[in-house]
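Here is a short briefing on one protein model with its ligand. Keep the structure open as you read.

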Amino acid sequence: SNTEQHDILIIGAGPAGAVAAALLRRHGHQVLVIEREQFPRFSIGESLLPQSMAYLEQAGMLQAVVEHGFQFKNGASFVCGERQTAFDFRDKHSSGWGTTYQVQRADFDHLLAQQAELQGAEIRYRQTVTAVDLEGERPRTQVCDADGREYTIESRFILDASGFGRVLPRLLDLERPSGFPLRSAYFTHIADGIRDPQFDRNKIRITVHPEHHDVWYWLIPFAHGRCSIGVVAESSFLNDVPGDETTKLRTLVMQDPALRALLQHAEWDTPARNISGYAANVTSLWGKNYALLGNAGEFLDPIFSSGVTIALKSASLATDALARMLAGETVDWEADYAKPLKRGVDTFRTFVESWYAGGFQKVIFHENQEPSIRRMISSILAGYAWDQSNPFVTESKRRLTALESICA
Ligand code: FAD
């Protein structure tokens, strides 16, 4: 009847899905990707971390990304009133890439998906996964195509890379609340018109709200004079700001004198969008014949731009385990996938919690910083949250708490 047989089914063609597809192709496996949208499509998550370059390289996509002409990125600058500090990711404790890019995700995700196709992955756009049955030997997945026709895919294994779609967590009741308070983001793209010669287009700029230290803005330069601008705060705070999405965003941006001055010539040519309640977790990152990648698993918070890096790391770890399993080896998904992935996620979590509690802000704006410690922090900010040679990875909580009390 209406049933197709495939080797590996991937749900979602975002960064996690595309990179996982390419990596499995490199292991010689047949891959089908089901993607709900037509690409190119808008997505949020535009500032990459240097650590992600290693996985793009592994997936054979790095050259295409480098040659595309995205905005070069070498660090992050943080601003709070008169205080300012910049981290150059090339000056860091961990070895590996110190630079990366800031990308319009419509272009970036499309590029990665095309690269996966070039390596032999099949991607079907405008098709949606609607149900899954994991009872039998082979998982059966229900798909609805662009014309509303339903069919079934039988595969050996499912990788859920559906991001905020969270397909398997919803269908299998794996959702677990995140420990973070409910926050929202308002954001848009602008023709920034920035003329200030001090402004460094090669860095993401994070601004702390002048009065509320748990409210912050991102300014992410793109190529060709455009920027992504966004504000993040607890939803209760943002709900109290009047107006539509664009008005709310502009009102909040104008509350910071430095941002207001920097963006005085900006053209707000694109309506703002809003996303809320994005922090999410699951009871388990794997189960019988499936694993969850990227945002389909856990998502923490956008403050350190770690989302795509975690998504690509998860694709790398999961495809490695899966390839070994398909080769007949015994794979312990908890020990070989979930635990190693969570190690880095937990490092980021410690830093995210400290950011909102205020401790990490005291650390980075502190006047006298020990250079070797600063290089360890720079490594984390560059995405090297799995580097066991960094004490801020192996003992992140203890080390960060100690550093906070010195800087307090
Ligand atoms: P996605 O990129 O979300 O891709 C999932 C794909 O699955 C989508 O294409 C979707 O259409 C498809 N899909 C969904 N449901 C179905 C279905 N039922 N059937 C078929 N297909 C489906 N990360 C960074 O690295 N840097 C940043 O600067 C950054 N900023 C952020 C700012 C905000 C406000 C937020 C909320 C997040 C930010 N992130 C950032 C995180 C980033 O957006 C995500 O971590 C990243 O996109 C995750 O990639 P993914 O491949 O897991 O999922």
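**Ligand site and cores**

The ligand sits in the largest pocket. The model is predicted.

**Around the ligand**
- The ligand is surrounded by 36 residues.
- Glu35, Arg41, Ile44, Ser47 and Val308 are the closest of these.

- Asn295 uses its side chain: one of its N or O atoms is 2.9 Å from an oxygen atom of the ligand.
- Val129 uses its backbone: an N or O atom there lies 3.1 Å from a nitrogen atom of the ligand.
- Gly307 has a polar backbone atom 3.5 Å from an oxygen atom of the ligand.
- On its own, the ligand has 1,000 Å² of accessible area, and the protein covers 96% of it.

**Nonpolar cores**
- In soluble globular proteins, nonpolar side chains tend to be buried together.
- The largest nonpolar core here holds 118 residues.
- Ile10, Leu159, Trp355 and Phe360 have the most contacts inside that core.
- Leaving out residues up to four places away in sequence, Phe360 touches Phe304, Phe351, Ser354, Trp355, Ile377, Leu381, Leu400 and Glu404.
- A separate second core has 22 residues, among them Val215, Tyr217, Val231 and Leu238.

Key: Residues numbered from 1 in each chain as written. Predicted model: local features only at pLDDT ≥ 70, side-chain atom pairs only at ≥ 80, totals over all residues. Heavy atoms only, no water. Core = buried A, V, L, I, M, F, W, Y, C linked by side-chain atoms within 4.5 Å. Buried < 20%, exposed > 50% of the residue type's maximum accessible area, 1.4 Å probe, protein only. Contact = heavy atoms within 4.5 Å. Near = heavy atom within 4 Å. Polar contact = N/O pair within 3.5 Å; in protein donor to acceptor, adjacent residues only side chain to side chain. Areas by Shrake-Rupley, 256 points an atom, 1.4 Å probe, with all protein chains shown as cover. 1 Å grid on protein atoms, 1.4 Å probe; cavity = no way out; pocket = protein on both sides within 12 Å on 5 of 7 lines; lining within 4 Å. Sits in = over half its atoms within 2 Å of the grid points.
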